[in-house]
Protein chains: 2
Amino acid sequence: MRTAFAKRMGRVRASDIRELLKLTVNRDVISLAGGLPAPELFPVSELADLTSKILDEHGAAALQYSPSEGHEPLRAQIAARMNARWKTSYASDQILVTTGSQQGLDLIGKLFLDEGDEILCESPTYVGAISAWNVFQPRWVEVPTDDDGMNASELERLLDARRQVKFIYVVPNFQNPSGRTWSLERRRLLMEAATRRGVHVIEDNPYGEVRFEGADLPSLRTMDPEGLVITLGTFSKIFCPGLRIGWVAADAPVLAKLVLLKQGADLHTPTLNQMQVSASINGGGFEERIARIADVYRERRDAMMSALEREMPAGVRFTRPAGGLFLWVNLPPEVNARALLARCMDAGVAFVPGEGFFPNGGHVNTLRLNFSNMPPARIEEGIRRMAAALRLLTSESATPARSAENTLAAVSAREGSRS
Amino acid sequence: MRTAFAKRMGRVRASDIRELLKLTVNRDVISLAGGLPAPELFPVSELADLTSKILDEHGAAALQYSPSEGHEPLRAQIAARMNARWKTSYASDQILVTTGSQQGLDLIGKLFLDEGDEILCESPTYVGAISAWNVFQPRWVEVPTDDDGMNASELERLLDARRQVKFIYVVPNFQNPSGRTWSLERRRLLMEAATRRGVHVIEDNPYGEVRFEGADLPSLRTMDPEGLVITLGTFSKIFCPGLRIGWVAADAPVLAKLVLLKQGADLHTPTLNQMQVSASINGGGFEERIARIADVYRERRDAMMSALEREMPAGVRFTRPAGGLFLWVNLPPEVNARALLARCMDAGVAFVPGEGFFPNGGHVNTLRLNFSNMPPARIEEGIRRMAAALRLLTSESATPARSAENTLAAVSAREGSRS
């Protein structure tokens with residue numbers, strides 16, 4: 001049998017970490033690993049009511065094929081909501097509804113990336129973007145990034161040094177994985193650098209509406225005289241992820257091409273699901289639910305921050321996100337987060353090692369924590385267990401990293417994980 | 001502004017025909033053009049009830065992220081249904097749930113196709129496969145095809161002559177666009193040729209369960225000792241298309257790679273939608289609905305066949321499908337189907353010219369008719385109008401083709417269609 005896969009598959013690999021973390025589902029593990037929203041805030045009974053109403057009034061349309069661009073009323077609502085909150089001026093025909101914003105990443109990769117093209121990204125960056133775009137065989141150029149965003153002079157230097165930059169990818173608000181938010185100044189400097197050179201900017205904003213404190217910072221699109229910014233959004237974090245409704249907003253020439261690619265990729269996003277989101281936005285209570293989500297996640301972030309401050313040994317640094325679902329931890333340089341994870345799994349707590357968020361690897365002493373999916377008491381207990389495992393790991397004298405790696409390998413092998 | 005799209009976008013073009021056919025939506029046009037199932041057979045009230053039940057019992061899970069492979073119970077049901085009807089022996093972990101079977105095509109293209117790789121296909125072939133795969137810049141090799149399937153000796157010859165064949169793509173049952181069904185003998189010859197050379201076969205079977213008469217013919221997968229066949233299926237034609245639930249079935253090494261690509265493409269297919277289909281299969285009445293669909297479409301096919309036989313002038317040939325949604329018309333060689341479409345649009349009836357179903361172009365005197373979406377009386381009236389338009393077109397002496405093309409161009413321009 002010939003298994004002549006395409007060359008691009010050399011870049012597509014299963015993550016052993018992801019396989020390992022699947023174990024958390026069927027065990028009593030405190031998972032600070034995934035990116036799951038809190039299900040107790042999902043609009044369960046509301047969706048039952050409005051689905052009945054949609055099917056009663058528009059059943060045939062809701063279950064039929066529909067335009068690749070998306071359900072017209074929803075496109076208009078998405079544009080209106082973005083413009084209201086982010087002061088953009090998107091028209092509804094600049095919106096493409098996608099099957100989750102992950103699909104937006106895939107379509108953008110397809111549209112722009114030839115083999116060897118360069119993507120400038122934050123360091124670390126969103127792992128879903130890495131997996132969406134690696135199939136198009138790009139080169140990843142990580143721009144040094146601090147708590148305020150990309151280092152602007154490094155960004156300028158890299159833009160001048162690199163010849164095949166197709167776009168700059170950023171998550172300006174409560175970034176996944178770092179929890180960081182770009183300052184106003186850095187946003188301006190980014191857009192000046194991009195505008196001067198006519199480089200597209202992908203502004204991925206899945207978390208921006210889940211803000212705990214402080215005022216919104218302007219969308220990059222409001223600093224974009226040339227229409228270079230392509231904005232990605234999603235209802236996964238502010239409504240629910242299981243319906244898979246996201247969107248791309250872009251100027252007409254880009255959007256028209258994305259629509260054609262969307263047609264080839266899955267024809268269109270499920271009709272009923274689009275009508276469900278649309279009806280819920282119309283139905284009232286939609287914005288109030290987002291405020292409730294922010295309240296709950298703020299409390300969980302606070303629980304995690306206090307526990308980290310209380311429990312973690314010296315030499316452990318962490319970010320303080322003003323919104324979103326994640327924060328970022330730097331372990332002491334000599335500690336490997338994969339080794340720590342192996343210990344933590346045994347102790348009944350899980351997180352995601354940071355290495356996978358760096359497209360060019362390294363940074364093995366970093367990790368990401370999620371605080372949206374566990375109640376405060378479990379978060380506190382989880383951090384206590386993590387801190388204890390960390391103390392034990394660092395106090396061991398004899399080759400602690402190797403033995404911990406062996407534990408990880410053993411767990412993976414036991415569960416038939418792919419490498 | 002730099003609009004440096006990827007090279008692959010040179011193969012991605014909007015269809016002027018598709019743009020033209022959008023006009024049928026808002027006008028009193030008898031559309032024999034689309035591929036829409038009959039909405040009056042959609043499970044509207046059933047879906048309302050079972051959605052309430054799902055949300056009541058499993059609301060949090062139904063609205064949460066879920067595995068890329070698909071909802072486990074649905075994977076098992078898909079395998080069981082295929083095995084029962086098609087005598088295959090797929091296991092549930094050989095099933096990947098996709099966002100419509102269109103996504104299956106996209107993922108297969110991503111998995112196999114490097115630029116210049118060859119796809120052997122029927123002539124004509126499914127236009128959605130052409131649009132899914134052209135982005136991967138393949139070469140299309142059309143195998144001469146008659147009413148029984150591909151010409152077997154031509155297939156052998158092409159397999160030997162071509163060096164970069166990645167797979168053979170076929171729709172063996174009630175093909176879109178031709179309505180043809182492969183004979184048992186041709187299925188055997190195809191699988192012998194593929195097996196001898198270790199070439200993958202993509203068996204796309206969206207219509208197989210909608211059979212009007214006669215017995216099922218075996219799935220290619222039952223003649224596949226090497227596990228080369230990858231089967232695509234969908235609930236769009238037997239349940240409803242608006243939920244976008246399809247699947248790919250394949251041996252483990254291929255399926256594992258498709259799962260990784262699926263993860264990068266849209267993470268997973270909407271959870272609630274998978275649970276809806278799963279609940280409906282469990283709930284009873286699922287198979288009875290398919291029989292009802294076949295009954296209704298058989299009546300519509302009969303209406304279309306009688307009208308074609310009664311109305312069409314000599315020199316017009318058409319297929320007689322034993323199932324599915326489409327039949328295929330060969331006009332006299334001197335008639336251009338695009339010219340006829342322009343006249344028909346004015347007469348209030350639409351179809352799809354055949355040229356777009358040939359990846360290498362040509363065959364301008366062919367067209368596809370859909371009979372699933374209009375009641376018999378409308379179908380008969382539509383064929384009457386088509387036949388009248390055809391007679392007028394062929395009877396005109398002075399440069400009839402050119403003037404008709406001008407009409408088409410004028411309509412396109414008026415509606416701002418892309419070329």
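**Exercise 1. Which residues does G264(B) touch, leaving aside its neighbours within four places in sequence?**

Solution. Start with the contact list: D106(A), S131(A), A132(A) and V135(A) are in contact with G264(B), where contact is defined as C-beta atoms, placed from the backbone, lying within 7 Å. Before going on, a word on conventions: this is a predicted model, in which local features need pLDDT of at least 70 and side-chain atom pairs count only at pLDDT 80 or more, while totals for chains, interfaces and linings use all residues. Residues are numbered from 1 along each chain as its sequence is written, and chains are lettered from A and ligands numbered from 1 in the order in which they are written.

Helices here are DSSP runs of H or I with at least four residues, strands are E runs of at least two, and both are numbered from the N terminus.

Then check its surroundings. G264(B) has 24 C-beta neighbours inside 10 Å, so it counts as buried (20 or more other C-beta atoms within 10 Å is buried, 12 or fewer is exposed, in between is partly exposed, with C-beta atoms placed from the backbone). Finally, S68(B) is 196 residues away in sequence, yet the C-alpha to C-alpha distance to G264(B) is 9.4 Å.

**Exercise 2. How many residues does each chain put into the contact?**

Solution. Count first: 65 residues come from chain A and 65 residues from chain B. On the chain A side, the elements giving two or more residues are α2, α4, α5, α8 (252-266) and α9. The largest share, 10 residues, is from α2(A). By type, that side splits into 35 nonpolar, 18 polar and 12 charged (Ala, Val, Leu, Ile, Met, Phe, Trp, Tyr, Cys and Pro are nonpolar; Asp, Glu, Lys and Arg are charged; the others, Gly among them, are polar).

**Exercise 3. At what angle do α4(A) and α5(A) pack?**

Solution. Take the geometry: helix α4 (residues 100-112) and helix α5 (residues 127-134) of chain A pack at about 40 degrees, with axes 8 Å apart. Axes are lines fitted to C-alpha atoms, for helices over the stretch in contact, and angles run from 0 to 180 degrees between N-to-C directions. The pair is therefore oblique (under 35 degrees is roughly parallel, over 145 roughly antiparallel, 65 to 115 roughly perpendicular, the rest oblique).

Now the residues: Q102(A), L105(A), D106(A) and G109(A) of α4(A) meet G128(A), A129(A), A132(A) and W133(A) of α5(A). They divide into four nonpolar, three polar and one charged.

**Exercise 4. Is β8(A) mostly covered or mostly uncovered?**

Solution. Look at burial first: five of the five residues of strand β8 (residues 200-204) of chain A are buried, so the strand is mostly covered.

Last, find the partner. Strand β7 (residues 165-170) of chain A pairs with β8(A) in the parallel sense over four bridges (pairing needs at least two DSSP bridges). One bridge puts F167(A) with H200(A).

Definitions and conventions. Two residues are in contact if their C-beta atoms, placed from the backbone, lie within 7 Å.
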